[in-house]
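This briefing is meant to be read beside the sequence and the coordinates.

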Amino acid sequence: MSYDLIIIGAGHNGLTAAAAQAARRRKVLVLEARAEPGGLAAGLEFHPGFRTSGVLHDSSGLRSSVITSLGLESHGLRRRPISTSVFAPQAEGPGLLLHGEPSRAAEEIAVHSTVDAERYGRFCEFQKKIGPYLRNLLNTAPPDISPRGFGQFWDLFRRGMGLRRLGREDMFECLRIGPLSVSDWLGEWFESDLLKANLAAPALLGTWAGPRSAGTAALLLMHQSVAENEVIGGPAALVRALNAACEARGVELRCGARVARILVDASKVKGVELADGQVIDSTRVASAVDPRQTFLDLIDPRELPLGLAEPISNWRCRGTTAKIHLALDGPLEFSSRPGQSFDAVRIGEDLTGIERAFDAVKYRRLPEAPHLDIRVPSLLDPGLAPDGMQVVSIQVHFVPYDLDGGWTDDRRADLIESSLAQLSKVAPSCRDRIVGHQLLTPVDLERDFGTSGGHIHHGEQALDQLLSLRPQARCARYATPISGLYLCGSGSHPGGGISSAPGMLAAQAIR
Amino acid sequence: MPLPSPFHERTASLCESLKFKSWAGYFAVCSYESHPDPEYFAFRNSAGLLDITPLFKYELSGEDSAAFVSYMATRDVSALKIGRVTYSCFCDQRGKVIDDGTISRLDEQRFRVTTGSPAYAWFLQNSRGFQVEVEDVSESIAALAIQGPNSRRILAELVGPGIEDLRFFGLVAARIAGVEVEITRTGYTGDLGFEVWIPRDGALSVWDAVMAAGKAHGIMPVGLDALDIVRIEAGFLLQDVDYFSAPRCIIESRKSTPYEIGLGWTVALDRSPFIGQKALREEKQRGSDWGFVGLEISWEGIEEIYTEYGLPPSLPTQACRMAVPVYSTGRQVGQVTSSTWSPILKKYLALATVEAKQVEIGNQLRVEHTVEYERMRVLATVVERPFYDPERKRT
Amino acid sequence: MSDRSYDSIVIGGGHNGLVCAAYLARAGQKVLVLERRHVLGGAAVTEELYPGFKYSVCSYVVSLLRPEIIRDLQLPKYGLEILPLECSFTPELDGPGLVRWPDADKTRREIARLSKRDSEVYPLFGREMAKVGRMVKPILEMVPPDPTSLNPANLMEMLKLGRLFGRLSEEERILQAKMFTMSAIDFLDEWFESDLLKATMGVSGIIGTFQGVRSPGTAYVLMHHYMGEIDGAFRAWGISKGGTGMISQAIAESAKNLGAEIRTEAGVAQIMVRAGRAKGVVLEDGTELTARHVISGVDPHRTFLGLCEAGDLDAEFLASIKKFKMRGSSGKVNLALDRFPEFTCRPGDGMHVRGDLAIAPSVDYLERAFDDAKYGDFSRRPFMNVVIPSLLDPSVAPPGKHVMSIFVQYAPYAIKEGPEAWPERREAFGDAVIETLAEYCPDLESSILHRQVLSPWDIEQQMGLTEGNIFHGELSLEQLFFMRPTPLWARYQTPIRGLWMCASGTHPGGGIMGASGANAARRILKSRVRA
């Protein structure tokens with residue numbers, strides 16, 4: 001049997017690439033090792049009657065261009081404009097509800113600092129001003145680091161000029177901020193610890209870096225500039241829509257089909273061999289699994305092109321995120337705002353606390369006070385839990401993959417306990433309402449979802465692993481030195497999260 | 001400071017000249033007496049005994065060891081028989097030579113590789129995906145080269161007449177003075193000769209036994225100066241002299257491919273992928289830019305330029321490793337990298353890297369030679385290598 | 001008027017100020033250098049605080065001093081002699097430690113004890129760094145171009161830079177991009193596996209910065225230190241015979257010989273500005289001196305926030321200067337020793353201690369030292385770089401006795417009790433240093449005759465370095481090249497016409513390099529030609 005294109009991995013990026021390629025009348029086969037499509041975006045029943053909306057729970061980065069070009073809305077996707085109000089509760093104090101609308105957010109901030117409230121508007125404006133430039137950078141294939149020919153030089157020049165168009169001062173400001181730590185940068189603007197901790201959090205998702213690590217300011221800017229949509233039902237709903245779009249276009253999806261080898265001969269892709277020995281021919285293979293596995297596990301080392309093995313084996317993908325799912329038999333209530341419900345919550349009252357949580361990872365230890373990024377998906381999609389009950393999805397930072405002494409049952413219990421202790425500080429009633437829970441450590445994530453190091457982004461998002469260097473200069477533009485082999489997962493520009501951008505950009509690069 | 005080799009106790013007490021140098025971090029004798037000539041003639045007329053412990057030695061074992069060695073080397077060793085040795089280049093991914101050395105198949109799944117510079121990291125770095133174990137045995141294995149027309153007789157006294165059957169590039173396990181050793185019929189002298197691989201602890205016993213058995217056959221301990229002369233006669237190149245290991249070069253132009261240093265015959269192109277294959281295949285198609293040749297520098301020419309100054313011709317008693325330019329019709333076309341006076345052939349020999357179009361046998365070039373601080377050019381002719389190739393080497 | 005008017009006045013007699021003055025004098029300018037203290041040299045001074053023992057009080061090693069400056073200013077003629085530090089020794093508590101020797105094979109065997117693989121990779125790493133160093137070298141000698149300006153001269157410089165970049169191979173470009181963004185340890189992880197070796201090498205990435213070995217951006221600082229050049233040999237470090245002060249003295253002598261006037265104990269109170277143009281300076285005693293160029297050899301904070309009137313500068317510029325991170329992170333302990341202190345793991349005063357010693361037993365140790373500092377305390381178990389100059393240069397101590405120079409990190413300027421609390425914390429800090437060192441060198445405490453402890457607060461108070469930052473500002477990516485000290489004013493000039501900067505707070509920055517001073521002089525001389 002032969003296909004025009006085989007895609008390895010039916011995560012959201014794999015499905016996106018499949019749907020986009022099938023739209024070009026190509027016969028596409030998607031091979032998924034798990035029993036269901038979706039990967040880290042898929043919903044998961046973790047307790048009888050309770051489902052998550054995806055291990056990754058933030059869908060705000062999903063690109064509008066993906067929704068429109070794949071017609072996802074006609075396949076059941078519902079979205080609302082981004083208006084995420086993130087709540088930062090306090091053990092003592094009113095907490096801070098950071099509205100998506102700057103003026104309303106400012107009112108909330110004023111309770112904590114009038115100076116910050118006044119600056120917040122300007123802060124948002126600055127982000128808005130440079131937003132288009134960053135969006136352009138993040139929504140197109142990265143520039144070639146060694147331009148060949150006029151076209152590529154022109155591309156590089158154009159991007160340079162794009163930055164210049166921001167004006168001399170803003171351009172310099174971008175260059176200056178980029179390498180800063182998010183703590184330093186926010187420190188230049190604000191004084192309120194609670195506000196800073198809340199604003200900084202998105203920059204640190206899935207990084208091996210703390211708020212005081214250089215380069216995190218750039219990550220924050222990038223994250224903020226592409227927050228566009230909120231998918232109702234979360235990533236799981238996106239997976240359903242993508243799946244429907246694939247089906248409508250005749251994509252063949254095979255679950256439970258683990259790829260053992262990508263077959264390469266004389267630097268050309270020939271097809272894949274499944275774990276059961278079956279060989280499927282195709283002259284095009286796109287891998288949505290992480291770069292480390294793609295190049296080091298799935299390809300015969302002798303067929304790897306010159307100078308690829310070294311940089312890829314140096315690819316850093318030390319997972320730092322654990323996932324806890326809670327089934328509650330009542331609402332998640334906060335002492336700061338009794339009686340109110342919030343679907344997005346961040347627990348961490350100051351950057352120093354987050355930094356200390358990161359310190360633990362450096363020594364392969366568990367953090368004493370982890371930082372929690374919480375969603376309550378059942379508030380928006382009540383179908384996820386039985387009536388009156390709630391699903392709480394928690395991303396726990398920072399949790400080492402290579403925990404000193406290994407992930408024993410005791411250490412798992414310790415992590416759950418310290419996370420619940422953090423949560424109980426601001427939501428004292430929560431502990432009694434827990435009827436079920438699940439912990440996924442980075443090691444579990446690696447085992448269950450096949451991401452190297454359990455890294456939710458298929459590789460750390462550090463300045464040297466972004467843009468034209470993600471995952472390596474010679475395969476940063478989705479094509480690889482192996483003719484017919486493409487990358488289309490989070491290990492490619494613009495990186496991890498529920499954006500579908502790597503899948504979409506890869507589909508455009510597949511010839 | 002260099003370290004003593006396992007043979008140092010013996011070599012140091014014999015070394016009257018006190019001339020040592022550092023070879024890969026070990027003390028190595030340059031010549032035991034002030035002049036290397038007697039040692040040179042021992043190699044060519046009786047037998048010489050040389051401490052070659054400083055060579056780097058690696059053992060590669062495991063299910064994929066044959067596949068792995070074939071992947072690393074320019075040779076395909078998958079068909080190499082147990083008990084056979086081969087000579088190969090090791091290249092980087094651009095086909096540039098990193099090292100050259102011998103590969104012995106000790107067992108179905110065990111190989112020993114010798115190299116001129118450290119290669120452990122390079123092996124390890126490329127071993128991902130192969131079932132192979134890389135072990136550095138450089139320090140645990142001592143080695144002696146017994147070379148020269150009488151070498152076989154000496155060994156026969158020590159291990160029995162069975163050694164007569166050991167073919168060129170063959171390997172056999174044996175016992176010398178109660179020490180389990182491996183003997184290979186290999187060497188760097190271009191003559192009949194053997195190399196003995198000895199567990200470090202047995203080093204001195206083997207040395208003593210060989211010296212005792214060799215006494216009647218005129219054996220002499222030999223230093224590196226004499227070796228340098230015989231290896232040029234044999235046309236063998238030397239790393240860091242005739243070529244440079246690629247990863248240690250700062251500029252590209254310093255690096256060489258096997259074809260460029262006359263080792264194209266070690267490259268087996270049409271087979272499963274190996275490191276450098278693509279680049280070497282392209283070079284093979286395109287043709288190389290450089291070639292490696294043996295030159296015979298006209299003695300008459302030398303005499304002539306010395307005579308002009310009223311001087312008798314004189315050459316250094318040692319091989320010369322200083323590179324000098326080679327010209328063709330007034331234009332520089334390459335460089336001599338090693339040269340020596342051959343006491344047996346009575347010829348002035350040189351190894352040179354020249355432009356590919358200059359490599360034809362019989363081609364006449366000119367080599368720089370300095371007399372009385374003045375640079376002159378002397379006629380040199382491209383000749384076959386090896387310059388000296390006795391029948392006994394193979395038979 | 002005539003004797004009070006100069007072509008150029010240089011504020012601060014540190015090595016950069018002196019280099020700048022010497023170059024200007026060499027070009028025929030009438031130059032005056034004003035130094036607040038009684039000694040020249042700024043952070044590069046030698047002082048005899050205990051009879052018979054000469055301390056290189058602050059800066060203690062040289063590697064980065066540009067050889068062309070040594071040649072141009074004929075410094076050896078004026079007494080400069082640099083003695084190379086041959087070895088580097090990292091002692092251990094439970095092991096023999098690691099020594100890197102001048103002999104490559106010996107170093108290979110030494111490293112092989114830790115990791116065979118690393119021992120072979122080590123020389124390749126050095127070669128790679130030498131390559132990067134050569135790529136960066138031309139940039140050091142360059143006045144950084146303004147990437148936003150379209151004026152032709154500037155475009156030419158950009159083009160030159162582009163060509164430099166264009167000449168690099170793809171691997172080299174990637175390497176460069178990585179060096180600028182990675183942490184020292186992430187970068188070293190790509191090459192090495194031995195923790196002790198990585199710790200030993202990683203410290204070059206944090207010296208003088210308020211960053212840990214795992215902080216992104218420190219790979220660059222690592223390379224910055226690889227650029228040290230003595231007699232053309234890369235990475236070699238040395239000490240100045242007679243102490244670091246001899247460097248400043250030699251430069252000063254050379255400058256004087258070229259006609260520059262140098263005054264000590266002449267602190268500048270203010271830079272005079274009329275109609276947006278620097279006219280001269282007012283000394284602390286009220287004397288007014290005028291000049292066509294006023295050149296600040298002190299750090300950007302002190303220049304603009306201390307010596308200029310706020311009204312002379314616009315608010316945005318001042319804000320950008322305030323954002324320029326100083327963050328002193330290191331202290332210095334100098335000891336006069338009665339006898340040679342034996343290191344338990346490798347006794348004797350052999351070659352191994354005639355170099356620099358690093359107390360850096362593991363990567364985690366270094367990172368923990370940083371963690372202490374991050375939260376506002378000095379490191380309980382700090383990283384230290386120790387040199388015993390008296391082993392190489394007996395002239396700095398009485399016979400048989402020794403001077404020990406200990407560079408200590410981290411000692412954050414902003415300790416949580418506030419920097420003013422340093423005088424009370426100083427000795428506790430000194431104790432932590434001695435205690436740590438005594439673990440490796442049990443003899444140490446009983447052999448101390450005198451100790452001098454310098455916290456960053458003291459460095460600020462005594463040497464005038466804001467926040468005690470030895471590099472006049474963090475060497476972090478956003479504070480380098482065309483952004484040092486601020487993006488809009490990185491070409492040695494300032495918003496005040498006629499006022500220039502020539503010290504480490506400008507490109508290419510810290511260390512006893514002298515490049516900033518020389519580059520600034522070049523730039524000033526060019527401006528004169530144009531006028």
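In chain B, 10 residues of domain 1 are in contact with 11 residues of domain 3, two residues being in contact if their C-beta atoms, placed from the backbone, lie within 7 Å. The model is predicted, so that local features need pLDDT of at least 70 and side-chain atom pairs count only at pLDDT 80 or more, whereas totals for chains, interfaces and linings use all residues. Residues are numbered from 1 along each chain as its sequence is written, while chains are lettered from A and ligands numbered from 1 in the order in which they are written.

**Chain B: domains and overall form**

- The domain assignment, whose bounds come from an automatic or database source, divides chain B into domain 1 (8–55 + 139–222), domain 2 (57–136) and domain 3 (289–395).
- The C-alpha centres of domain 1 of chain B and domain 3 of chain B lie 30 Å apart, and the side of domain 1 of chain B that touches domain 3 of chain B has 5 nonpolar, 2 polar and 3 charged residues, where Ala, Val, Leu, Ile, Met, Phe, Trp, Tyr, Cys and Pro count as nonpolar, Asp, Glu, Lys and Arg as charged, and the others, Gly among them, as polar.
- Chain B contains 9 helices and 19 strands, these being DSSP runs numbered from the N terminus, with helices (H or I) of at least four residues and strands (E) of at least two.
- The C-alpha trace of chain B spans about 60 × 50 × 40 Å along its principal axes.
- For 395 residues a compact globule would have a radius of gyration near 21 Å, and the 21 Å of chain B agrees with that; the radius is taken over C-alpha atoms, and the globule rule is 2.2 Å times the number of residues to the power 0.38.
- Of the 395 residues of chain B, 49% count as buried, a residue being buried if 20 or more other C-beta atoms lie within 10 Å of its own, exposed if 12 or fewer, and partly exposed in between, with C-beta atoms placed from the backbone.
- Among the contacts in chain B with a separation of 6 or more, 67% are accounted for by residues 24 or more positions apart.

**Chain A: domains**

- Chain A is divided into domain 1 (2–41 + 232–315 + 458–509) and domain 2 (102–227), and the centres of these two domains, taken over C-alpha atoms, are separated by 29 Å.
- Their contact takes 17 residues from domain 1 of chain A and 15 residues from domain 2 of chain A, and the domain 1 side divides into 10 nonpolar, 5 polar and 2 charged residues.

**Contacts between chains**

- The contact between chains A and C takes 28 residues from chain A and 25 residues from chain C.
- On the chain A side of that contact, the elements that give two or more residues are helix H6 (168–177) and helix H13 (351–362), and H6(A) gives the most, with 5 residues.
- By class, this side of chain A has 13 nonpolar, 5 polar and 10 charged residues.
- In the contact between chains B and A, 7 residues of chain B meet 8 residues of chain A, and the chain B side divides into 3 nonpolar, 3 polar and 1 charged.

- The buried residues of H6(A) are Met171(A), Phe172(A) and Arg176(A); seen down the helix axis they fall within an arc of 135 degrees, so they line one face of the helix, the arc being that of the directions from the helix axis to the C-beta atoms.
- Helix H6 of chain C (residues 170–181) has 12 residues, which at 1.5 Å a residue should span 16 Å, and its end C-alpha atoms are 17 Å apart, which agrees; the expected span is 1.5 Å times one less than the number of residues.
- The buried residues of H6(C) are Ile174(C), Leu175(C), Lys178(C), Met179(C) and Thr181(C).

**Backbone geometry**

- Most residues other than glycine have a negative phi, and most peptide bonds are trans.
- The peptide bond from Arg470(A) to Pro471(A) is cis, with omega near -10 degrees, and Pro471(A) lies in the loop between helix H16 (442–449) and strand S20 (485–487) of chain A.
- The peptide bond from His493(A) to Pro494(A) is also cis, with omega near 0 degrees, and Pro494(A) is found in the loop between S20 and helix H17 (501–509) of chain A.
- Ser500(A), although not a glycine, has a positive phi of about 60 degrees; the residue is placed in the loop between S20 and H17 of chain A, and Ser500(A) counts as buried because 29 C-beta neighbours lie inside 10 Å.
- His472(C), which is not a glycine, has a positive phi of about 60 degrees and sits in the loop between helix H17 (456–463) and strand S20 (499–501) of chain C, where His472(C) counts as buried because 33 C-beta neighbours lie inside 10 Å.
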